[in-house]
Structure formats: C-alpha cells, structure tokens
Amino acid sequence: MKRGYYLLIGGAAVFVAGIVLAAVWAVPIAQQIERDTSSLEGTRLAPGESQTITLQVTDITRPLSVAISASNDSPVNALLLDPEGRPGINSTFTGANFQTAPATVQGSYRLTVTNQGDEATEVDVLFGHLPGVGQSGPNVEMFSGLLVGVGMVIAGIVVMAVGVVVVIVDRRSK
C-alpha cells in the first residue's frame, strides 16, 4: 500500500477517535445543562414586555449564571431575585450579556427579562448552574476532553487532506 493511503487511514482513525472522545465528554456536560438550568429560546418581547423564568436551587455552593442574547440593540433588563425577594442581578444592557450571582439560600429563584426599548426583540436566555462556572471563575479542566476531541477531529481532517494530496502526487509521478 502506498504512503498516501496510510495517511488517509491514519487520518480517518484520528478523526473517528476525536469524535468519540468529544461525544463522551460532551454528553455529561449537556445533561448537566439540561438538569441544572432553565431557558427561554427565541422568545419575542414587545416593548415593555417581560418574561419570567424560575429555577429551584438546592446547591448554594455554585453560582447562578445568566446568559442573555437579544436579537437587536433594544435595551434589555435582567432582574434576578432570590427566594426572599432580594436582587442578585439587576442590569440593563444591549446585545448579549453574561453574569453570575451567588446562590445565597435554597429555594425558587426568579429571573425577569424585560424589553425596555421602543421595538420588539427576540431573546435567548440560559439561567442556572452552568458547567465549568465556579465561585472562583471558569473551570477549563471540565472541558479538556472535549477540547482534545475537537483538536483530534481537526488533526484527522488535516491528515486526510494531506493523504489525498500525496495520493494525487504519487499518481501523477507514475
């Protein structure tokens, strides 16, 4: 067998191994997001309209994260209230915003997102305990296997592309 074919086979093996590794690491992260967060997806807010989502919090050792993305430059207000009615986050922004707040007591936390602009906007909101976000900041180690898997997929693609070039060059040299 010629060297180009070895590169194609090796690249394909690295590519498949990368997909498997990324999937093995991504599934538990996705399950944690599904279990520990609440969300609004593509929710249309008219001027002055609000939407509220709640989250039952039992783990107060991890901070609550709020990620909001608006479809235009309408100002959007995010108000996070703890079970006792105290604000954890109260901010107005345009575009996208990410903030964290400590979970101080167990119970039902409410996040109210309000369109304060003059035109309608669509918002995407993710609220809860996000994987890799801790009291001391992001924990990149949690995503290390996923990052290695993606790197292996990219490396496999590059090796397969080189293999195709080598096969073509070898055929032309005959």
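1. In strand β8, G128 is the bridge partner of S65. The two strands concerned, β3 (residues 64-70) and β8 (residues 121-128), pair in the antiparallel sense over six bridges. Strands count as paired if DSSP finds at least two bridges between them; helices (H or I, at least four residues) and strands (E, at least two) are DSSP runs, numbered from the N terminus.

2. The model is predicted: local features need pLDDT of at least 70, side-chain atom pairs count only at pLDDT 80 or more, and totals for chains, interfaces and linings use all residues. Residues are numbered from 1 along each chain as its sequence is written, and side-chain values use heavy atoms, with hydrogens and water left out.

3. Strands β3 and β8 belong to an open sheet of four strands, in the order β1-β8-β3-β6 with antiparallel pairing. Because β1 (37-45) and β6 (96-101) each have a single partner strand, they stand at the edges, and one side of each is left without a neighbour in the sheet. Neighbouring strands of this sheet are turned by 10° against each other on average, direction ignored.

4. Helix α1 (residues 3-36) packs on the sheet and touches β1 and β8, contact meaning heavy atoms within 4.5 Å. The direction of α1 makes about 75° with that of β1; axes are lines fitted to C-alpha atoms, for helices over the stretch in contact, and angles run from 0 to 180 degrees between N-to-C directions.

5. The 34 residues of α1 should span 50 Å at 1.5 Å a residue, and the end C-alpha atoms are 49 Å apart, which agrees. The expected span is 1.5 Å times one less than the number of residues.

6. Buried residues of α1 include G4, G11, G18 and A22, where buried means under 20% relative accessible area, exposed over 50% and partly exposed in between (1.4 Å probe, protein chains only). Their cover includes β1, β2 (50-57), β8 and α2 (144-172). Helix α2, in turn, has buried residues including G145, G149, V153 and G156, and what covers the buried residues of α2 includes α1. The 29 residues of α2 reach 42 Å from first C-alpha to last, close to the 42 Å expected at 1.5 Å a residue.

7. T121 lies in strand β8 and is buried, with a relative accessible area of 2%. The side chain of T121 makes polar contacts with the side chains of S71, at 3.2 Å, and N72, at 3.0 Å. A polar contact is a pair of N or O atoms within 3.5 Å; within protein, one must be able to donate a hydrogen and the other to accept it, and residues adjacent in sequence count only if both atoms are side-chain atoms. Leaving aside neighbours within four places in sequence, T121 is also in contact with other residues, including T43, L45 and V76.

8. Strands β4 (residues 76-81) and β5 (residues 87-93) run antiparallel and are joined by six bridges, with N77 opposite T92 in β5. Their hairpin has five residues between the strands, and G85 takes a positive phi near 85°.

9. D82 is placed in the loop between β4 and β5 and counts as buried at 5% relative accessibility. The side chain of D82 reaches the backbone nitrogen of R86 at 2.9 Å. Leaving aside neighbours within four places in sequence, D82 is in contact with T104, S108 and Y109.
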